[in-house]
Amino acid sequence: MSGPHFPPAPGIPANGTDWAALRERMLSMRVDDADWRGGRTPLHVYFAGDDVLKVAREAYTMFMSENALAPAAFPSLRRMEDEVLAMVLHLLGGGPRAAGNFTSGGTESIILAVRAATKWFEAAGRRTPRSHLLLPESAHPAYDKAAELIGLAVRRYPIDASYRASADVLACYIDVDTMMTVASFPSLPFGTVDPVGAIADVARQHDIWLHVDACIGGLLAPFAKMLGHELPAFDLSVSGVRSLSADLHKYGYAAKGASTILYADAQDRDRHHFEFDAWPKGRYRTETLAGTRSGGAVAAAWAVMHFLGQEGYMELSRRVLATREALHRGIKSIDGLHLLGHQPLGLLSYTSEGADIFAIGDQMEEKGWYISRVAEPCALQMTITPAHEPIVEHYLEDLRASVAFVLESGTAARERKVVTY
Ligand SMILES: Cc1ncc(COP(=O)(O)O)c(C=O)c1O
């Protein structure tokens, strides 16, 4: 959040307040929050219905005090983590040597993958002060964050006219200091999927680490394939893919604080672990970035995955893909709007030729939609969830009216700067 929004607290209250009164106050604080239940948000919340939410909530609270840092004390959590990982590895092409860890989110999964890749590069005697990540322009900033933390450089190469990374362009940019590259499945700005197979071939030829960012698509693409949707191979079964991130708190519909980082080879997974013993308390070991971790997120993910099962995920995926298709059709039917590339999963991204797309976004905001923007090229973007199923017609009606208004009035956008989360 930019700038203070609330008066600074005067300090902890001298006396306690009963829960009922606090609950009321907290509910009233929510009044300006985006309406995710009503499908008004294009990002941030993946709502699969009250039944799924109830399972996540109850499972979370059952285990929220248990600490996943200490599997010896809480074997229940170790077991749930192992079972979640086994399910995700099975879905995402993990062979007998594959392994992973449960993390707090896509960003943590990505930081761990960059750490593992760095250790691998170092072990091979290849790390230099010029070692860098070579990313398509559309890759998530979590890689830049990881690079900053670890002390690596980042270079970005241009994506092609179809808003995807190109293996040929990647090959032109690789040099001896290139350590790692990334393919998104899909990318957040455009919803397009990078050609993982071709990128993996280039990564193998140059002996660089390929990470597949399936933070968004990891728990949607496998079910889309089961439903008969055509998607290229993208997972750990593709030779040359060394690591893959898949978020459970996105299309896994788990409580927030749940992602997985997976490796084709367990040896690579072990590279991101941390161990230290030069202090009085003996050997300290963590498998992820965090120390103390609530068992809540683990338990909620385990419970939601068992509650839904393959059948539940297929049905939710069917609804997401049908809703995206209906929105795609509607957007294409509005004169002047067009989609940015082929968007085969749960994301859509569109722009306008004749009218200022950000001014259209402003109009949509005035109609109560929380709008997500893309800066280059200027576009509006949306991640589709089951919560959007009932709002398709309403959204398209408001969009049609917004486009017509901007075209007629020539209204310009209130602001051109895009702040994204
Ligand atoms: C493609 C992609 N990668 C990584 C992330 C980071 O995930 P998180 O916000 O869970 O840390 C996101 C978040 O939207 C994403 O879209």
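**Exercise: a salt bridge at Arg285**

With a relative accessibility of 33%, Arg285 counts as partly exposed in this model, which is predicted. With which residue does the side chain of Arg285 meet in a salt bridge, and is that partner buried or exposed?

*Solution.* Begin with the charged atoms: the side chains of Arg285 and Glu287 form a salt bridge, with an N to O distance of 3.0 Å.

*Solution.* Asp177 belongs to the loop between helix 6 (167-173) and strand 4 (178-184), whereas Arg130 belongs to the loop between helix 4 (106-123) and strand 2 (132-136), so the contact ties together parts that are 47 residues apart in sequence. As for accessibility, Asp177 is buried at 7%, while Arg130 is partly exposed at 49%.

*Solution.* Take the distance as the opening step: Glu325 and Arg329 form a salt bridge in which the closest N and O atoms are 4.0 Å apart. Glu325 is partly exposed, at 31% relative accessible area, and Arg329 is exposed, at 52%. Both residues sit in helix 10 (residues 295-332), four residues apart, which is about one turn of the helix. Turning to the network, salt bridges with shared partners join Arg78, Glu81, Asp82, Glu275, Arg283, Arg285, Glu287 and Arg293. The count of salt bridges comes to 31.

In what order do the four strands of the open sheet stand, and which strands stand at its edges?

*Solution.* The order is 10-11-13-12, with antiparallel pairing. Strand 10 and strand 12 (372-374) each have a single partner strand, so one side of each is left without a neighbour in the sheet. On average, neighbouring strands of this sheet are turned by 35 degrees against each other, direction ignored.

The pairings can then be followed residue by residue. Strand 10 (residues 337-339) pairs with strand 11 over three bridges in the antiparallel sense, and His338 stands opposite Thr351. Strand 11 and strand 13 (residues 379-383) also run antiparallel, joined by four bridges; Leu348 stands opposite Met382, and Ser349 opposite Gln381.

**Exercise: the cover over strand 11**

How many residues of strand 11 (residues 347-352) are buried, and which helix runs at about 5 degrees to strand 11?

*Solution.* Six of the six residues of strand 11 are buried. In a regular strand the side chains alternate between the two faces of the sheet. Accordingly, the residues can be sorted by side: Leu347, Ser349 and Thr351 lie on one, Leu348, Tyr350 and Ser352 on the other, and both faces are covered. Helix 10 lies across strands 10, 11 and 13, at about 5 degrees to strand 11, and helix 11 (residues 357-366) lies across strands 10, 11, 12 and 13, at about 50 degrees to strand 13.

**Exercise: the nonpolar core**

Which residues have the most contacts inside the largest nonpolar core, and which element gives the largest share of this core?

*Solution.* The largest nonpolar core has 97 residues, and those with the most contacts inside it are Leu248, Tyr253, Tyr350, Tyr395 and Leu399. Its largest share, 15 residues, comes from helix 10. Domain 1 (58-305) and domain 2 (310-409) each supply at least three residues to this core. Apart from it lies another core of 24 residues, including Ile111 and Leu135.

Tyr350 illustrates the contacts: leaving out residues up to four places away in sequence, Tyr350 touches, among others, Ile331, His338, Ile357, Leu380, Tyr395 and Leu399. Within helix 10, Val320 is buried at 0% relative accessibility, and the residues that Val320 touches beyond four places in sequence include Leu220, Tyr253 and Ile384.

Notes
Residues are numbered from 1 along each chain as its sequence is written. This is a predicted model: local features need pLDDT of at least 70, side-chain atom pairs count only at pLDDT 80 or more; totals for chains, interfaces and linings use all residues. Side-chain values use heavy atoms; hydrogens and water are left out. Buried means under 20% relative accessible area, exposed over 50%, partly exposed in between (1.4 Å probe, protein chains only). Helices (H or I, at least four residues) and strands (E, at least two) are DSSP runs, numbered from the N terminus. Two strands pair if DSSP finds at least two bridges between them. A nonpolar core is a set of buried Ala, Val, Leu, Ile, Met, Phe, Trp, Tyr and Cys residues joined through side-chain atoms within 4.5 Å. Domain bounds come from an automatic or database domain assignment. Contact means heavy atoms within 4.5 Å. Axes are lines fitted to C-alpha atoms, for helices over the stretch in contact, and angles run from 0 to 180 degrees between N-to-C directions.
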